[in-house]
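Thank you all for coming; I would like to walk you through one structure this morning, taking a few regions in turn. Please have the picture open while I talk.

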Amino acid sequence: MDREAQKRSLWLRKVANLRGWKNLFAQFTPIQTEIQAFFPIDPAYLCVFEDLDSCAKVSDNWETLLGWKREVLESEPWIQWMDSASMREWRDRLQSLVREGKTGEICTLQNRWRHLDGSWRMLSWRISLGPDRRFYGVAQLSGEPPASEAQWHQMINKIADGVLILNQDGIVLFANSAAENLFNLNHEELLNLHFGIPNSKKEICEIYLPQKNGTYITVEMRTEQIEWQNQLVYLASLRNISDRSLAESRLRESEERYRTLAESSQDLIFILNSDRNLAYINSFGAELLGIEKPSTIELELAEITIIYQFKHLESSIKQVFGLNASVRVEDELVYNGGKLWLDTLLVPLRDNLGKICQILGVARDITQLKSIEQSLRKTQGQLRQREKLLRLTLEQAPIGIVTCDLSGKFLHFNPAFSQILGYSSQDLKQMSWKHITATNDLQLQENYYQKLLAGEVRSFQLENCYKRQDSTKIQGIIRVALIRDAKGSPMHYVAQLEDITERKQAEAKIQASLKEKEVLLKEIHHRVKNNLQIVSSLLDLQAEYIQEPEIIEKLEDSKHRLLAMSLIHETLYQSETLAQVDFSDYIERLATNILFAQSTDYDRITLDFNLAPVFLNLETAIPCGLLLNELITNSIKHAFPEPLQGKIYIELHYQSPETAPNLNQTSCQEPKIMLKVSDNGIGLPANMNFKETKSLGLTLIHDLTQQLRGNLAINLNNGTQFTLIFSELKYRQRI
């Protein structure tokens with residue numbers, strides 16, 4: 001990028017950052033660039049190309065040439081109207097201008113273009129690559145004379161910017177109508193006016209032009225040296241920017257006032273761009289957060305969070321964009337000096353199109369108020385909790401609560417205590433424990449009262465029989481504690497009485513029902529096993545009517561999978577507990593059955609077991625048994641082709657002693673179980689992909705591993721080794 005382009009780019013970025021005019025200036029094209037491209041040519045039909053296929057601007061007379069509206073020509077790809085035989089030359093010639101950077105060099109072309117009515121027009125082109133990397137072109141109908149000088153003047157006079165041509169002495173040789181308006185001079189007065197010689201061959205500057213009323217206007221002037229009518233001249237384009245300069249001046253004054261206000265504030269004030277970059281932070285905020293202010297411009301928010309962190313800033317910013325309105329939030333700020341609570345107001349700042357381009361944040365320190373508020377809320381919460389606890393305990397508790405003196409007389413009690421015993425409140429106030437406790441239990445209860453008084457126990461719990469007012473008896477659990485004063489002297493007893501009569505009766509029914517269900521559940525497992533074996537027998541019968549070996553083999557595989565599930569139900573049926581399967585015993589039985597069923601010459605293959613006691617629920621045992629069936633079957637069928645002999649090794653244990661389940665301990669983490677099946681056979685192909693294989697058996701191995709939520713590792717050294725690490729699955733909720 002040359003110096004002029006860098007200068008212009010820097011100026012545009014500065015204006016865009018300060019005033020939001022980026023979109024306007026990004027579309028600006030210096031008018032003298034277009035004139036320089038066309039000036040040595042007698043213009044007829046003018047156009048400006050953004051690239052090889054699309055056009056940015058065309059002159060009005062194109063509609064008479066091709067019949068298409070100007071709006072269509074400027075929005076649709078031009079390549080659709082060009083003769084296909086000419087496209088290759090068109091692209092090659094224009095791309096060569098771009099590759100070689102031949103700015104200002106004229107490229108001549110001739111090709112056919114389709115009219116709206118379907119006819120064709122032969123056009124002669126003169127195209128130049130401009131300094132802004134766009135193509136500027138003039139087209140004429142083949143054989144059509146060039147446009148007249150009057151037509152060219154008429155075109156230039158339609159340009160909104162002033163255009164001057166100066167000789168080497170700074171004398172005006174040509175001026176358009178817009179230039180006459182800027183200078184407040186007619187055409188004759190402006191011609192031969194000594195304007196002055198520009199300081200350089202290429203310059204962008206601001207000048208002040210006097211007006212007849214004694215005021216001045218601010219004009220942006222762009223100059224460039226070109227060749228015109230066989231002489232070297234200066235081409236100058238003039239644009240009135242008085243309104244912009246006035247707006248800039250007022251904006252600078254307004255910015256200065258608000259900046260002074262922000263810098264003197266004791267609130268944290270900052271501005272974030274829409275891409276979360278920090279555009280501004282005041283001195284108070286920078287000092288508070290330990291940020292050097294010059295380094296905050298265009299500093300990404302993610303980088304600042306290394307120094308400090310707003311806990312809710314990012315979500316609040318999303319709310320501003322989502323609601324398209326201001327958002328207020330109480331936010332906690334953690335920084336290198338400590339922690340603050342801030343009352344933060346986020347206000348959207350909009351550009352000329354009404355789109356949110358920045359967010360203004362004003363954060364006020366409310367740490368002290370927050371501390372007081374939290375203390376008050378905590379105290380109020382504790383009081384409410386105590387009040388609620390006392391109310392629930394004394395009035396709404398489902399168990400009876402009573403306080404009594406050291407002799408056992410009832411002092412205070414809740415409604416549940418009265419309801420359990422069937423006595424009225426007045427009656428209970430005249431009674432004590434000896435009136436309601438069964439004679440056989442009273443002495444034991446008195447002994448524990450003495451232990452409380454002696455300090456031998458802090459509380460006790462007994463299951464006694466108590467008498468109701470209607471002479472019926474209930475089974476109750478009594479829990480008693482002794483209340484002492486500040487000096488440690490006994491004051492009174494607090495007791496809870498829970499009626500467990502229905503529970504005891506229900507427990508007896510449950511025990512009887514449980515024995516019945518155990519019998520039924522064993523019968524269910526037995527029936528499921530029998531049904532699976534029936535299905536297996538049906539598969540055997542079906543196989544007798546099938547001649548295709550592949551189908552027979554698939555039926556055999558399906559039968560073995562059914563037998564693997566059947567064996568699990570048989571193991572449960574025969575076990576003492578119906579909840580878990582002794583999987584080590586199951587493995588030996590399954591592997592032996594598969595070996596005898598799969599191999600006619602089973603003496604060639606031996607089984608080697610290293611099994612620790614591992615008990616699995618039915619949810620885990622079935623997929624694990626099916627996976628084990630596939631692994632053993634694969635080894636027997638494929639690892640030892642005749643007459644090769646070998647060994648299948650099966651290992652099962654918890655991954656480490658620390659992870660083994662302990663009946664005396666509880667752990668939040670499920671113990672890991674390791675199941676290893678290996679053989680010393682010929683092995684699997686090294687490039688085997690379980691996820692993409694067409695084998696049902698290997699697909700089942702992959703899917704069952706996912707079902708067990710386990711990890712399966714494969715080692716192909718010296719045969720094939722599968723190592724599965726998994727945990728026991730929890731029973732899924734059934735509907």
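Predicted model: local features only at pLDDT ≥ 70, side-chain atom pairs only at ≥ 80, totals over all residues.

Let me begin with strand E21, residues 473-484, and strand E22, residues 490-499, which pair in the antiparallel sense over 9 bridges; strands here are DSSP runs of at least two residues and helices are H or I runs of at least four, numbered from the N terminus, and two strands pair if DSSP finds at least two bridges between them. Within this pair, glycine 476 stands opposite aspartate 499 in E22.

Residues are numbered from 1 along each chain as its sequence is written, and side-chain values use heavy atoms, with hydrogens and water left out.

Stepping back, E21 and E22 belong to an open sheet of 5 strands in the order E19-E18-E22-E21-E20, with antiparallel pairing. Which strands stand at the edges? They are E19 (410-413) and E20 (459-467), and because each has a single partner strand, one side of each is left without a neighbour in the sheet.

Moving to another part of the chain, strand E3 (residues 106-114) and strand E4 (residues 120-129) pair antiparallel over 9 bridges, and glutamine 110 has serine 124 in E4 as its bridge partner. The hairpin of E3 and E4 has 5 residues between the strands, and there glycine 118 takes a positive phi near 95°. E4 is also joined by 7 bridges to strand E5 (residues 135-141), again running antiparallel, with arginine 126 opposite valine 138 in E5. E4 and E5 likewise form a hairpin with 5 residues between them, where arginine 133 in the turn has a positive phi of about 70°.

Next, please find asparagine 167, in the loop between strand E6 (162-166) and strand E7 (172-175). Is asparagine 167 buried or exposed? Asparagine 167 is buried, with a relative accessible area of 15%, where buried means under 20%, exposed over 50% and partly exposed in between, using a 1.4 Å probe and protein chains only. A polar atom of its side chain lies 2.8 Å from the backbone nitrogen of isoleucine 171.

Finally, the axes of helix H21 (residues 583-598) and helix H22 (residues 618-639) come within 10 Å and cross at roughly 35°; axes are lines fitted to C-alpha atoms, for helices over the stretch in contact (heavy atoms within 4.5 Å), and angles run from 0 to 180 degrees between N-to-C directions.

How values were computed:
Polar contact = N/O pair within 3.5 Å; in protein donor to acceptor, adjacent residues only side chain to side chain.
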